[in-house]
Amino acid sequence: MVNSLFVFMRICFMQPSCLIGLVLVAASLQALAEAPNIVFITVDTTRADRMDFLGSKRGLTPNLDIVAQQGVVFERAYSQAPLTPVSHATIFTGTYPQFHTVTDFGHPLPALLPYVPEILQKSGYHTAAFIGSLILDPKASMAPGFDRGFDYFNAGFRPKQSPNESRYDTVERRAGDVVRNATTWLDKNRKTPFFVWIHLYDPHAPYDPPPPFDTKFKDLYDGEVAYADASLGKLFSYLRQQGLYERSLIVLMSDHGESLGAHGEAMHGIFLYDETIHVPLLFKLPGELLAGRRVTSRVRLIDVAPTLLGMLSLPLPPTFQGESLVPVMKGGTKISASDLPAYAETDYPHRAFGWSSLRSLRSGKYLAIRAPKPELYDETQDKADQRNLAASSPAVTSTLLAQLNEMRDKTASYHGGTEKASLTSDQTANLAALGYAGGSASASADPLQGADPKDKIEISNVLHEGMIAVEDGRYTEAIPLLQHVLNDSPAITVAQGQLGIALARVKRYPEAIVALQKAVQLLPDSVESQYELGLALFETGKWRESTPYFEFVAKKRPKWPDAQYSLASVYARTQHVPEAVDLLHGVLELNPEHFRANLLLGRILTLEHLPDQAMPYLQKAVEVAPENFEAHAFLGDAYEQAGNELAAKGERARSESLKAGSNQ
Ligand SMILES: [Zn+2]
């Protein structure tokens with residue numbers, strides 16, 4: 001039961017100064033209906049300095065600015081990790097990455113760790129999530145456990161299967177569509193109170209806003225931020241029209257920012273400077289309570305969960321490691337006088353590249369970074385973190401790093417450190433589709449060993465660029481980029497695999513085979529690399545050599561028609577015709593419209609002098625691909641065997657004219 005929820009809201013409509021304290025008093029008297037609806041928005045990859053309500057002059061966020069005026073703005077909020085699943089796990093569990101252990105993509109959220117959506121669901125909330133990217137899709141094996149506590153979880157992403165598919169139908173969903181999914185659900189689900197999580201992915205690379213946001217601003221990243229804001233504007237209008245806005249609690253933040261070239265980093269994930277760690281954070285309370293408040297003390301995303309539950313007067317789980325910001329929001333308490341120390345870390349340089357992980361602590365006026373070459377910045381003098389004082393202020397540096405180590409040790413998981421979980425090949429392929437590296441074979445056991453990411457940042461940028469180029473089908477561009485990465489770091493698995501794919505797509509098969517063989521060596525269970533290696537061998541006529549790779553993939557992917565077809569195709573060419581026929585029947589059970597399976601099965605049956613059995617498959621092939629000359633020719637042969645000369649002549653004539661047309 002949400003019994004005590006937001007009593008204070010009703011009381012405080014009349015007396016805005018009271019806040020929270022009264023909640024407990026009247027708690028048990030209140031009915032469920034008193035609880036506020038919660039609209040919880042995470043806008044991915046959004047820098048604090050792009051928000052007009054945080055001082056930007058770019059004019060990107062007119063809709064958020066209105067909400068900010070009606071709510072409480074945190075001017076200095078810091079993320080605990082520059083990666084989507086890691087940061088979202090912190091936001092929703094109120095614990096540090098070293099505690100929740102979701103320190104990389106695809107790590108499961110521990111089932112017993114208290115999780116805000118589930119706490120709200122158990123308290124009587126109707127819960128729904130609307131997700132903008134594959135990266136947070138539990139069903140696509142990327143964020144297992146993140147759907148815990150949701151009555152409805154709208155995701156449904158998958159990797160792109162060909163360059164012709166739009167990324168917005170596969171790996172990502174535009175803000176407008178995410179918001180529409182949410183409002184459609186709200187239209188049909190009028191039960192209150194509700195907790196709706198809306199995740200917008202648009203500001204994440206590639207920067208590709210729809211018109212007019214693609215031309216309206218100086219750079220495309222800004223266009224994405226403005227587009228996300230405009231889409232949220234539609235959400236807020238909807239809530240107003242439905243009479244839901246006023247009494248809703250709206251919480252908005254970004255999971256992390258984007259470097260955009262600062263410190264040499266193109267995107268995010270490697271470094272812990274302000275560009276990726278300083279994030280927007282605002283709460284709009286029901287009835288515009290505390291409207292216009294601005295909190296200038298340093299706070300953290302780890303504080304969001306205790307703040308939210310604190311406002312609802314729900315008990316805080318003992319696992320929470322942040323602090324409720326309610327006293328700070330009210331102003332004048334001990335916390336508002338001083339900043340909270342803000343810890344952040346990233347394992348991505350270690351896991352994806354085999355370099356050292358980074359850890360940081362913002363304390364007092366300083367940012368200290370634990371790296372092979374330590375860093376210290378005075379953020380009051382040097383907002384851009386440009387002048388490393390570690391060498392000139394060794395005492396401050398070592399004191400802060402000692403604090404950092406102590407603080408991390410104290411807050412690490414009681415399960416005894418992070419488990420060494422490696423990515424599956426599916427997860428690696430999904431990550432590649434989003435431009436992230438995964439599954440390096442070269443990482444040593446100690447995450448603080450390895451090269452300093454400061455010395456290697458260019459390699460990670462080039463890798464991301466190369467992977468996005470492969471994803472977009474720009475293979476010729478991708479090849480030299482990936483080769484550059486591999487010259488520096490030959491053990492980055494994903495670079496080998498992606499290079500092999502790019503080479504194969506431009507028909508440089510012998511080189512593709514070498515690259516894909518290395519990728520398979522580095523990550524033997526990679527379905528994608530084994531499949532691509534099979535295809536490249538097949539294309540060069542090495543059918544027998546390709547067989548074990550196709551057999552591996554077909555076994556691993558029994559429901560993937562193309563994998564089954566590829567194996568059938570190689571069996572048909574290597575005197576295993578009965579096995580091929582069995583597989584082709586299986587393919588057509590999975591997908592009766594599979595053109596090549598119909599064509600091959602019809603052809604095999606024709607060659608076995610079974611024209612009546614062949615005919616339906618070849619007719620289907622012609623129906624599915626009427627412009628394919630081979631299909632008409634094969635159908636002509638089957639007609640001839642069956643004694644239908646006239647039909648045979650017609651199909652052959654059609655085949656000849658299509659062939660002539662295609663040769664022009
Ligand atoms: Zn993110």
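Q: What makes strand β2 and β8 a pair, and in which sense do they run, parallel or antiparallel?
A: Strands are DSSP runs of E of at least two residues, helices are runs of H or I of at least four residues, and both are numbered from the N terminus. Two strands pair if DSSP finds at least two bridges between them. Strand β2 (residues 72-78) and β8 share five bridges in the parallel sense, and Y78 has R300 in β8 as its bridge partner. The model is a predicted one, in which local features need pLDDT of at least 70, side-chain atom pairs count only at pLDDT 80 or more, and totals for chains, interfaces and linings use all residues. Residues are numbered from 1 along each chain as its sequence is written.

Q: What is the strand order of the open sheet of eight strands?
A: The order is β4-β3-β5-β1-β6-β7-β2-β8, and the pairing is mixed.

Q: Why are β4 and β8 said to stand at the edges?
A: β4 (152-154) and β8 (294-300) each have a single partner strand, so one side of each lacks a neighbour in the sheet. From one strand to the next, the twist averages 15°.

Q: Which strands does helix α3 touch where it packs on the sheet?
A: Contact requires C-beta atoms, placed from the backbone, within 7 Å. Helix α3 (residues 62-69) touches β2, β6 (249-253) and β7 (278-284), and its direction makes about 55° with that of β7. Helix α7 (residues 175-188) also packs on the sheet, touching β3 (126-130), β4 and β5 (194-200).

Q: Why is α22 called roughly parallel to α24?
A: Axes are lines fitted to C-alpha atoms, for helices over the stretch in contact, and angles between N-to-C directions run from 0 to 180 degrees. Helix α22 (residues 561-573) and helix α24 (residues 595-607) pack at about 25°, with axes 11 Å apart. Angles under 35 degrees count as roughly parallel, over 145 as roughly antiparallel, 65 to 115 as roughly perpendicular and the rest as oblique. α22 is therefore roughly parallel to α24. Y565, A568, S569 and A572 in α22 meet R596, A597, L600 and I604 in α24.

Q: How do you know that the radius of gyration of the protein chain agrees with that of a compact globule?
A: The radius is taken over C-alpha atoms, and the globule rule is 2.2 Å times the number of residues to the power 0.38. For 664 residues a compact globule would have a value near 26 Å, and the protein chain has 29 Å, which agrees. The C-alpha atoms fill a box of roughly 95 × 60 × 50 Å along the principal axes.

Definitions and conventions
Two residues are in contact if their C-beta atoms, placed from the backbone, lie within 7 Å.
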